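These are my notebook entries on one protein chain. I recorded what I looked up, entry by entry.

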Amino acid sequence: MAEEEQELEIEALQSIFEEGKEFISISKKEFQLKLLPFPGEEEENHVGVTLHVTYTDTYPDAAPDWELEDVKGLSDEKLDALKGKIEETIESSLGMAMIYVVAEACQDYLKENNQKELSMHEQMMLRHGGQDGEDDEEGD
């Protein structure tokens with residue numbers, strides 16, 4: 001039964017996520033979902049992750065094996081928060097197909113944290129109130 005549920009879930013995911021671009025099949029039990037806050041590119045994506053999932057023999061009654069790869073634009077702190085959100089979603093979804101719900105939770109988190117990563121210089125300017133050099137033009 002678990003294998004049949006896994007196959008049905010993969011079919012559903014393939015119909016939702018674009019095959020070869022967002023959904024990458026590795027084997028019958030393993031795949032990757034490339035997640036962005038705005039996959040339709042209606043807004044600029046500053047962050048993104050790839051959710052690598054491997055079904056266990058007892059999935060969905062037990063959690064799948066998963067990891068985040070190709071992390072873009074998230075600090076370690078935000079990445080840990082996202083992992084916590086994934087764990088929470090998996091725990092509350094045991095017993096049913098959950099990968100879409102997990103992907104949705106990831107995308108929601110990415111939308112909330114879709115900020116351009118600042119350079120070291122920009123971070124320093126922010127810390128110093130942006131006063132350095134901005135008003136220098138008056139004396140020309």
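**Entry 1: a buried loop residue**

Before looking at single residues, I noted that buried means under 20% relative accessible area, exposed means over 50%, and partly exposed lies in between. I also noted that the model is a predicted one.

I began with N113, which lies in the loop between α3 and α4 (120-127). Is N113 buried or exposed? Its relative accessibility is 11%, so N113 counts as buried. I then looked up its contacts, leaving out residues up to four places away in sequence, and found that N113 touches V47, L74 and K78.

**Entry 2: helix α1**

I turned next to helix α1, which covers residues 2-16 and so has 15 residues. From its first C-alpha to its last, α1 reaches 21 Å, close to the 21 Å expected at 1.5 Å a residue.

Which residues of α1 are buried? I found Q6, E9, I10 and L13 to be buried. Seen down the axis of α1, the buried residues fall within an arc of 105°, so they line one face of the helix. I recalled the general rule: an α-helix has 3.6 residues a turn, so residues three or four places apart point the same way. On the face of α1 turned away from the buried side, I found the exposed residues E11 and S15.

I also asked what covers the buried residues of α1. The cover includes β1 (23-27), β2 (30-35) and α3 (99-112).

**Entry 3: residue A2**

A2 is found in helix α1. With a relative accessibility of 21%, A2 counts as partly exposed. Setting aside neighbours within four places in sequence, I found A2 in contact with D57 and Y59. I also looked up A2 and D61: they are 59 residues apart in sequence, and their C-alpha atoms are 8.2 Å apart in space.

**Entry 4**

I then took the pairs in turn. β1 and β2 form a hairpin with 2 residues between them, and they pair in the antiparallel sense over 4 bridges. For S25, the bridge partner in β2 is F31. Strand β3 (residues 48-54) pairs with β4 over 6 bridges, also in the antiparallel sense. For L51, the bridge partner in β4 is L68.

**Entry 5: helix α3**

The 14 residues of α3 should span 20 Å at 1.5 Å a residue, and the end C-alpha atoms are 20 Å apart, which agrees.

Which residues of α3 are buried? I listed I99, V102, A103, A105, C106, Q107, Y109 and L110. Among the elements that cover the buried residues of α3 are α1, β2, β3 and α2.

**Entry 6: salt bridges**

How many salt bridges are there? The count comes to 2 when a salt bridge is taken as a side-chain nitrogen of Lys or Arg within 4 Å of a carboxyl oxygen of Asp or Glu.

In one of them, the side chains of E3 and K28 meet at 3.9 Å, N to O. E3 belongs to helix α1 and K28 to the loop between β1 and β2, and the pair links distant parts of the chain, 25 residues apart. E3 is partly exposed, with a relative accessible area of 43%, whereas K28 is exposed at 60%.

I also found a salt bridge between the side chains of D57 and K29, at 4.0 Å, N to O. D57 lies in the loop between β3 and β4 and K29 in the loop between β1 and β2, so the pair ties together parts that are 28 residues apart in sequence. D57 counts as exposed at 64% relative accessibility, while K29 is partly exposed at 26%.

Conventions. Residues numbered from 1 in each chain as written. Predicted model: local features only at pLDDT ≥ 70, side-chain atom pairs only at ≥ 80, totals over all residues. Heavy atoms only, no water. Expected span 1.5 Å × (residues − 1). Buried < 20%, exposed > 50% of the residue type's maximum accessible area, 1.4 Å probe, protein only. Arc of directions from axis to C-beta. Contact = heavy atoms within 4.5 Å. Pairing = 2+ DSSP bridges.
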